[in-house]
Amino acid sequence: MSTDKRTASLELYIRILFYHMRYSTEEETVPFDITSQQGRLLEIIIKGLECGKTITRKYLEETMLIKGSSVTSLLNALVKKGFIKRSISDEDARTLNITVTPKGERTVEQIKVLFAEQEERILAGMTQEEIGQFYGFLEKACRNAGVEIK
């Protein structure tokens with residue numbers, strides 16, 4: 001139990017921040033014909049491929065912290081919209097051969113700017129020390145909740 005005299009609960013602050021981030025990002029990605037989740041998955045795929053990682057559904061599930069069916073749905077949308085090309089590996093059916101199209105590469109560069117701007121808005125007015133503390137608190141809260149950020 002907190003002895004803090006704030007009128008709003010911590011849960012309320014977290015929920016408000018979550019919804020604000022989610023919906024403002026969804027609005028900002030509309031012109032690119034991509035959702036924020038599709039954009040984040042596309043960014044993870046690009047980073048993984050650049051690092052030489054084998055892209056599997058399990059890898060994407062663990063990195064995005066979502067279920068396999070959601071990964072499949074997001075991948076299908078990215079294929080349908082022309083951001084990636086996907087095929088099953090001949091060597092291992094669990095491995096996806098994913099190629100990011102030029103459209104996908106351009107789009108991820110544009111939405112990375114949106115994500116960075118959103119982060120800047122959230123951190124505005126904080127000192128470097130406060131930003132470091134904020135990250136530390138978020139990391140600890142995630143660990144306490146049983147969430148591992150990769």
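Predicted model: local features only at pLDDT ≥ 70, side-chain atom pairs only at ≥ 80, totals over all residues.
Student: What should I know about the numbering and the side-chain values?
Tutor: Residues are numbered from 1 along each chain as its sequence is written, and side-chain values use heavy atoms, leaving out hydrogens and water. Local features need pLDDT of at least 70, totals for chains, interfaces and linings use all residues, and side-chain atom pairs count only at pLDDT 80 or more.

Student: In what order do the elements of the protein run?
Tutor: Helices (H or I, at least four residues) and strands (E, at least two) are DSSP runs, numbered from the N terminus. The protein has six helices and two strands. From the N terminus on, the order is α-α-α-α-β-β-α-α.

Student: Which residues do ring pairs link into a cluster?
Tutor: Rings of Phe, Tyr and Trp (its six-membered ring) pair if their centres lie within 6.5 Å; planes under 30 degrees apart are stacked, over 60 edge-to-face and the rest tilted. The structure holds two such pairs. One is edge-to-face, with 5.1 Å between centres and 70 degrees between planes, and the other is stacked, at 5.9 Å and 10 degrees. Together, ring pairs link Phe-18, Tyr-19 and Tyr-23.

Student: Is Tyr-23 buried, partly exposed or exposed?
Tutor: Tyr-23 lies in helix H1 (residues 10–29), four residues from Tyr-19. Buried means under 20% relative accessible area, exposed over 50%, and partly exposed in between (1.4 Å probe, protein chains only). With a relative accessible area of 46%, Tyr-23 is therefore partly exposed.
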